[in-house]
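Biologist: I would like to learn how to read the parts of a protein chain and the way they touch. Could you take me through it slowly?

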Amino acid sequence: MKRYLLTLLSLVAILTVVVACAPQTVTVTVERTVPVRETVQVTVEKPVAKRIVIYNSYMSDPAPREADAALVKMFEEEHPDIDVIHSTIAHEDFKQAIRAYLTASTPPDVMTWFAGNRARFFIDKGLIMDISDVWEKEGWNESYPKGFRALSTVNDKQYFLPASWYWWAVYYRKDIFDQYGLKPPQTWDEFLQVCETLKKNGITPITIGTKYPWTAAGWFDYLNMRVNGPEFHINLMLGKERYDDPRVKKVFTDYWGVLIQKGYFLENAAAYSWSEALQFMIEGKAAMYLMGDFIRDSYPDELEGNLDFFRFPIIDPNVPIGEDAPTDGFFIAANSQHPEEAKLFLAFLGSVKAQQYFADTLGRLPTNMGVDTSKFTPVQLKGLELIKGADYVAQFYDRDTTPEMAEKGMAGFMEFWDNPGAIDDILARLEAARQEIFAGQ
Amino acid sequence: MARRTVLYRLSPYLFLIVPLIIYCIWVVGPMLYTIYLSFTNWDGVSSPAVIGWRNYQKLFRDPVFYISLTNNLKWMLCFITIPVVGGLALALALNRNIPGAKFFKTSFYSPMVLSLVVCGLIWSWMYHPAKGLINESLRLIGLDALAKGWLSDRRLVMWAIIAVGVWRQVGYVMVLYLAGLQGVDPTLVDASRVDGCSNWQTIWHVILPLLSPVTVVVVVISIIDSLRAFDLVSVMTRGGPYYSSSVLANFMYIEAFNNYKMGYGAAISVILFILSAVFIFLYLWRVMQTEMEY
């Protein structure tokens, strides 16, 4: 009983304190209304003067990160009244976070993303802002090649700004090739010959890190395009061809499997990320790497003179040439809270000035035709030639097909890598996955 | 008086009302919402549509689900044996006034201070096939054949990750047992000595039975920890090579946030929740029982 009384008493005490507090706070605020008003006037002026735009970027590798920050700074200098709130998110995390960003009530205004199917998914859902007016106003309809304009257009409206693109190729160590009297191979037989010579001399012919298995997807892209042609490849990506097609199987048994069985790839590749596997090439223990041009960002500058690249060898000369050239760019979220500022920022990112800076510092290829190509490095010009010589340009395995199909496909590639004998099983499972994934589309 | 008893009964709830509301909004609510989502085809962007039991039907046909479940069971088996036996042995050995006991206690417990992500990163370097501490040491003493690709071999990778978990767990279990040993009445131990027990007999017939409440707690905690396993896998392999080190939590994460199959991911987490709930209720039941004894 005593306890109960105590409880009640304490409850009453708490309640009275709460009740007593309430009017007190009110009187305090009433007393101080005058000084408060003054300070409010001061603070209100600032946000009006300083406008903001929120920019989330996935350029998390050191070199692009630096260039990205420099671009933001250039924009802020041009528009002193606008503050860019810039966040850089690790590439893999960004891919997972973007859905949360886009469906938030206050999303980041401007974001980096992949052109093509990956952007199309969000455009179809109405999550990306129509920026046809920016395209019109900035004259991009004329200054951007038709292909890039098409990549950004849905139902005659532009939603995307393709900003930079890069090529994939087989990168190799010139000095190692010279040492063994090797020339960049152009055909499959020459390629096998090069691998054999390197292997005999104790050099790992091809380095690769498949902890994140997209690197293996690059091999599938190229082998499938070289063996079966880009048209078949892209239809497979779109879910219109079967994974258990004998043509797909041929890629694994007659080509990829041969490289694996002969031990041409780096040992224990699955233990490394792509950049950890690059170490073997930097140290001269491995000679070749099928990779995008961003490999040069992670390659030590003082050794870059030894790094060169060649077109993935031709397997069947009768098949049109397909290349991977992923395009990155920017878009504005549909429910952006600062659309005016966002459009200004986007206009800057697509301008000749910004593209020139990005191309010059990183060696990526610009999309805006106004960019002065006379200052291009020989590497950039060589990359440009590589893509110009292609009959078809694909984005990349995990950009051309759906995320789920890509995840399952890449796991299948890794299983094949480990157990080439199970290929029929693996392809049957991928085919079942394809039918399920593309059934609703 | 009647009014008073009503208030008397209500008063604990009145005090609890704020935390209960918070708990409902942030814990119970999302839990129920997850159960709802597991019956939908939500992709994280569109509005969810109810598709009945389809996610669960797919789940029970999915080979990755069984790989993950088996890996969780391996994890559980290792966790309820190695750290429990090892931790108990360490506790018995260090529960004496031998020189350096404090130092050893601290060292064995210190991995617990590191977050699992840090442990995973450090061990990834130790497991590095070409330059890692483990393989380099093996090569140094001429055991080249044993220098494996610990994280790239599908037969080894799960055990290699579990070993890291065990390494971290041993010290934790040791501390729990050390605390339990404080509660063992020394007079009982002395009595067994007087009656002529050997060291082993004392441990087996006197100390272990007295430690059994601790053992129950340790085993249940280990089981729950093994079902929660996610961090190490996510950092060290992300479930690879091709799902061979996938555990349920990691499988759920990839389906939901990488493949954008929120509904399917929710179904996996519901199964994981049911599995965990069984052991958590066992644990709580045991804790309440022991509380009542005193």
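Modeller: Domain bounds come from an automatic or database domain assignment, and here chain A is divided into domain 1 (50–165 + 327–370) and domain 2 (168–324 + 395–439). This is a predicted model, in which local features need pLDDT of at least 70, side-chain atom pairs count only at pLDDT 80 or more, and totals for chains, interfaces and linings use all residues. Residues are numbered from 1 along each chain as its sequence is written, while chains are lettered from A and ligands numbered from 1 in the order in which they are written.

Biologist: How many residues of domain 1 of chain A are in contact with domain 2 of chain A?

Modeller: Two residues are in contact if their C-beta atoms, placed from the backbone, lie within 7 Å; by that rule, 10 residues of domain 1 of chain A are in contact with 8 residues of domain 2 of chain A. The C-alpha centres of these two domains lie 30 Å apart.

Biologist: At what angle do the axes of helices α11 and α13 of chain A cross?

Modeller: Two packed helices are described by the angle between their axes and the distance between the axes. Helices (H or I, at least four residues) are DSSP runs, numbered from the N terminus, and axes are lines fitted to C-alpha atoms over the stretch in contact, with angles from 0 to 180 degrees between N-to-C directions. The axes of α11 (residues 214–228) and α13 (residues 246–261) of chain A come within 10 Å and cross at roughly 110°. That makes α11(A) roughly perpendicular (65 to 115 degrees) to α13(A). Among the residues making this contact are A:W219 of α11(A) and A:W256 of α13(A).

Biologist: Which element gives the largest share of the side of chain A that touches chain B?

Modeller: That is α20(A), with 7 residues, in an interface where 24 residues of chain A are in contact with 23 residues of chain B.

Key: Helix = DSSP H or I, 4+ residues; strand = E, 2+ residues; numbered from the N terminus. Parallel < 35°, antiparallel > 145°, perpendicular 65-115°, else oblique.
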